Each structure stands twice: as C-alpha cells, then as structure tokens.
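Here is a friendly briefing to keep beside your viewer. Load the model, and then walk through the topics below.

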Amino acid sequence: MLKLDLSNITSFVPENYLTSRKDGLEQAASMIWSHTGPGGDFTGWVDLPRNYDKEEFARIQAAAKKIQQQSQVLVVIGIGGSYLGARAVIDLLCSPNYNLKKKDTPDIFFAGNGLSTDNLLELIDLIGDRDFSVNVISKSGTTTEPAIAFRIFKGLLEKKYGKEGAKDRIYATTDKARGALKGLADAEGYEEFVVPDAIGGRFSVLTAVGLLPIAAAGVDIQALMDGARRAMEELSAPGLDNPAWQYAAARNALEEGGKCVEMLAGYEPRFRFFAEWWKQLYGESEGKEGKGMLPASLEYTADLHSMGQYIQEGRRIMCETVVSFAPKGEYVIPDDPENIDGLNFLSGKPLAFVADRAMRGVMLAHVDGGVPNILIQMPVISEASVGYLIYFFEYVCGLSGHLLKINPFDQPGVEAYKSNMFALLGKPGYEEKQAELEKRI
C-alpha cells in the first residue's frame, strides 16, 4: 500500500547507510515486538490492531451512533495526544471544512488544548442553543487545560439538561482504575472508555482516545483499524527490504550527517493536522538527551510562496519527507480562447498531472539546493490508507528512537514547564518554587 522512494537522499548519506544499521534495526525491532528495552512497558500500540479490546470497540461504535442521534455538536476535550490524532484523522478523511459541510453527523469541536479566553467564548457561541455532548479525554483528569475546559462544559451541560440529563451526554476516556476523572466518572455514572496503560498519549489514536470522536464524525473505524492491521502484518517482517527499516535508517543517517530539522510536507490541505500529530509523535519521542531532529511541517504548494526561499537557500540543516496521495477524482483544466494567463499549454491536462509535476520539480530543486528528500506515496485517502500510514509512522518512530539509543516512549522534559506553571498559579505544594519564580518574571 505504501511506496517509499529514497532516491533523492543518495548523495547525502554514505553508500552503506542501510546495511551498516542492520544490526541496530534488528535489535530495535526485537525490543519493540517483545515489549522490552527502554520504554518497553509502553509498546502496547505495536500489536494493537490485532489485540484491541473488541468489546470496547463495539461500545465505541454504539456510543458514536448515540451521539449522532442525540447531538448536533460533540465537544472533544483533550490536549496533545488526547486530541491531535482524532483531529488529524477527521480532517484528513472528512475535510478540514467538516463542520461547514451538510451532513448527518454532528459538528466536532476541540477544546481544552489551550488557555485562550477568546477561543473558549467563540466555541460556546458556536454551539449556541444546539444539543451537544462532551467527550473528555484525560488519563488523570487533572491536566490544567482540559480540566478547566471540562469544568466549564460540564457546567453548561448541567445547566441545559440538568444533572441527570448531562451525565447521559458525557463520555469519559480515562484510566481504567484510578485518577480524578475516573473517580468522577464512576460517581456520576458517565459512560467510560479506557486510556490503556501500555500506550502513551501520542501513540493512542487507534484506541478509544481517538476512535470515539473519529467514529462520531462518521468514519468507518473498522476499516481504519484494518488498514493499521495490514501495516502491522507487512511491517513486522524483519529485513532491509522493509520500508519502515529503510525510512528509519535514512532518517538516522541524515541526522548523523548534520540534518537536524525534518520537514513533513503534504500537498493536500487536509493533511495539515496529520502533520501536527506527526510533530508531537516525533518531537516527544526523539527530542531528548540532545538528540533527535526538530519535526516541522509544510503545506505545499502554498508554503512555497512563503518558506520556499529559505528552504532553497537558507541554512543547510534540513531534510524533507513528502507524503503524496493519489487523487480520488479528476478535473481537467479548461481552455481559454484568449489565453490571457498564458496557460493554454495546460489545457486538457488533469489538475492532478500538474500537481504531480509541481511536486517532482520542487523535490528536484530542493535536492539541488542541498535539501535531501524522501517521498512516501499512498493510494487515495481512505480509512484503510490512513490507518496504514498512522501505524507506519508509529513503528518508524519506535525504530528511530532505539537507533538513537534513547527511550522513545517517555517524555521527561514536559514536566519542567508544568512545574513552573503550577508554581506561578499558586498550586498548593509549590510555595517555595513560586517565590523563586516570581523574582524572575
């Protein structure tokens, strides 16, 4: 299903870059599949497409149908991996204009991923008098941004429907046994779904974390999971002909050669939030111990008219991964008898042909300018192809982290900002740190 083209990196990496990493890749794959090595307790995602909880999966599908029948709006409350995966899939499969389209499914709004007062007030205004439900996603229930948002939207639900009516519209995706949200959900009687212990947030899109909002948007989550399972089965085979091994080795060689920024580029506007999900996946997994490439993203061809100059002639610290999808339909460029724009040489050609030639030309120009690029070609955007691509990037991420000899499944650095934020907000227990920080701001 996935075709990987590495021809545009050959002049930037040693000839033996793949074979020289064979032992490291074998060891990395072995640790991932045996759930051992650094972070092995958080590799439940690797066989998830085969071993997922079928009973909970059926409950997710049933809850999604109930939301569709009961509500015109679903508010998804979460931050980081608790919302990026769902938004990525909904945008990619349903359109970034999903909420504007005529449909039989509810609008999907995302809240709790920031602290903007204006954004919150706008969202409340957008919901208006419409019937709505809430899916709150948090392992602990105490993460500041989603906890504040849930406090607000829970209050709005209870005001509109009463306490009993509100509980029928709240879906809690949280820890299976402990935590503030788990305790509240048990006490109030919310329908609950599980954030698995063995799967970190950035790898959780194919769990209830992502699947409930995705299903509520009308996506066939069984086909999504089937695509991921196909990827799991195909990529589990060890060997240097495995595209996941090849991509991981290429990234590792490019970083070793001085490329410290990887740009993920797509030619579909609906790919934008998939790239945002990818940035968290690789940023949190590899960005530690002074290692890892900075993950960035670009939307072509639009960004060529803003970032193109820097990519072509700026600091030579970048490499590029381009994801291309086959188009579903066809539009032929019409002829203009007056040829005012001088483009009649394109008359009668499919727009997809022009897009492909533009992509190829850009890639060659970037290579000539010192930016190696990797091309990932996918079939049409579908549940199966998106499920496959999600799993591909997750698996490569695990392999790449182990090649860097780090734990790709923890994120110790994110605690620093949280500690400072809690202290400056006056959270009990942070008094000493608060006094220290107040002197610095």
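Strand 9, helix 13 (residues 351-368) and strand 10 form a right-handed β-α-β unit; a crossover is right-handed if, with the strands pointing away from the viewer, the path from the first strand over the helix to the second runs clockwise. Helices (H or I, at least four residues) and strands (E, at least two) are DSSP runs, numbered from the N terminus. This is a predicted model, in which local features need pLDDT of at least 70 and side-chain atom pairs count only at pLDDT 80 or more, while totals for chains, interfaces and linings use all residues. Residues are numbered from 1 along each chain as its sequence is written, and side-chain values use heavy atoms, with hydrogens and water left out.

- Strand 10 covers residues 373-378, and six of its six residues are buried (buried means under 20% relative accessible area, exposed over 50%, partly exposed in between, with a 1.4 Å probe and protein chains only).
- Asn373, Leu375 and Gln377 point one way from strand 10, whereas Ile374, Ile376 and Met378 point the other way.
- Strand 9 (residues 318-325) runs parallel to strand 10 and is joined to it by six bridges; two strands pair if DSSP finds at least two bridges between them.
- Within this pairing, phenylalanine 325 stands opposite methionine 378.
- Strand 1 (residues 3-5) pairs with strand 10 in the antiparallel sense over three bridges, and lysine 3 stands opposite glutamine 377.

**Asparagine 135, a buried polar residue**

- Asparagine 135 sits in strand 4 (residues 132-137) and is buried, with a relative accessible area of 0%.
- Which partners does the side chain of asparagine 135 reach? The backbone oxygen of tyrosine 171 is at 3.0 Å, and the side chain of threonine 173 makes a polar contact with it at 3.2 Å.
- A polar contact is a pair of N or O atoms within 3.5 Å; within protein, one must be able to donate a hydrogen and the other to accept it, and residues adjacent in sequence count only if both atoms are side-chain atoms.
- Not counting residues up to four places away in sequence, asparagine 135 touches Leu74, Val75, Val76, Ile77, Tyr171, Thr173, Leu212 and Pro213 (contact means heavy atoms within 4.5 Å).

**Cavity and pocket**

- On a 1 Å grid over the protein atoms alone, a cavity is a set of points where a 1.4 Å probe fits but cannot get out, and a pocket is an open set with protein on both sides within 12 Å along at least five of seven lines; lining residues have an atom within 4 Å of a point.
- Grid points are joined across faces, edges and corners, and a volume is the space filled by probe spheres set on the points.
- The structure holds one cavity of 30 Å³ or more, and the largest cavity has a volume of about 40 Å³.
- Helix 10 (243-256) gives the largest share of that cavity's lining, four residues; among the lining residues are Ala248, Glu286, Met293 and Ser400.
- The largest pocket holds about 990 Å³ of space. Of the 36 residues that line the largest pocket, the closest to its centre are Lys139, Thr143, Gly201, Gln411 and Lys418.
- Helix 15 (414-424) is among the helices that supply at least two residues of the pocket lining, and helix 15 gives the most, with six residues.

- Tyrosine 282 belongs to helix 11 (residues 272-286) and is buried at a relative accessible area of 1%.
- Leaving aside neighbours within four places in sequence, tyrosine 282 is in contact with Arg251, Gly287, Pro295, Phe393, Val396 and Cys397.
- Serine 419 is found in helix 15 and is partly exposed, with a relative accessible area of 22%.

**Backbone points to check**

- The peptide bond from tyrosine 300 to threonine 301 is cis, with omega near 10°; threonine 301 lies in the loop between strand 8 (294-299) and helix 12 (308-313).
- Asparagine 339 is not a glycine, yet has a positive phi of about 50°, and its relative accessibility of 29% counts as partly exposed.
- Lysine 405, in the loop between helix 14 and helix 15, has a positive phi of about 60° and is exposed at a relative accessible area of 66%.
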